[in-house]
Amino acid sequence: MAALAWLIIPVAAALAAMVWAGWAARTPRATGDPASLAEHERFRAAMERSTVGSGDGPRR
């Protein structure tokens, strides 16, 4: 019975690795959410505004 347990552990690990590899290699879904893209663009614009002109003072 102990030999069976030693055999089941690597087999289960191999099956888990195959499931993970299949999940990791899947084709990504298209992200066509306009609200999310607009929010990201607003974030980028805010980050650009917050860094403009900050090079003349000392960095802390």
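How many residues apart are Arg 44 and Glu 41 in helix α2? I looked: they sit three residues apart in helix α2 (residues 34–51), so about one helical turn separates them.

First, the ground rules I noted. The model is predicted, so local features need pLDDT of at least 70 and side-chain atom pairs count only at pLDDT 80 or more, while totals for chains, interfaces and linings use all residues. Numbering runs from 1 along each chain as its sequence is written, and side-chain values use heavy atoms, with hydrogens and water left out.

Next, the overall layout. I found two helices and zero strands in the chain (DSSP runs: H or I of at least four residues for helices, E of at least two for strands, numbered from the N terminus). I then checked burial: 0% of the 60 residues are buried (under 20% relative accessible area; exposed is over 50%, partly exposed in between, with a 1.4 Å probe and protein chains only). The accessible surface is about 6000 Å², and carbon and sulfur atoms hold 67% of that (Shrake-Rupley method, 1.4 Å probe).

Back to the pair. I searched the whole structure and got one salt bridge (a side-chain nitrogen of Lys or Arg within 4 Å of a carboxyl oxygen of Asp or Glu). Arg 44 and Glu 41 form a salt bridge through their side chains, at 3.9 Å from N to O. Arg 44 is partly exposed at 41% relative accessibility. Glu 41 is also partly exposed, at 44%.

Last entry: Leu 15. I placed Leu 15 in helix α1 (residues 2–24). Its relative accessible area is 46%, so Leu 15 counts as partly exposed.
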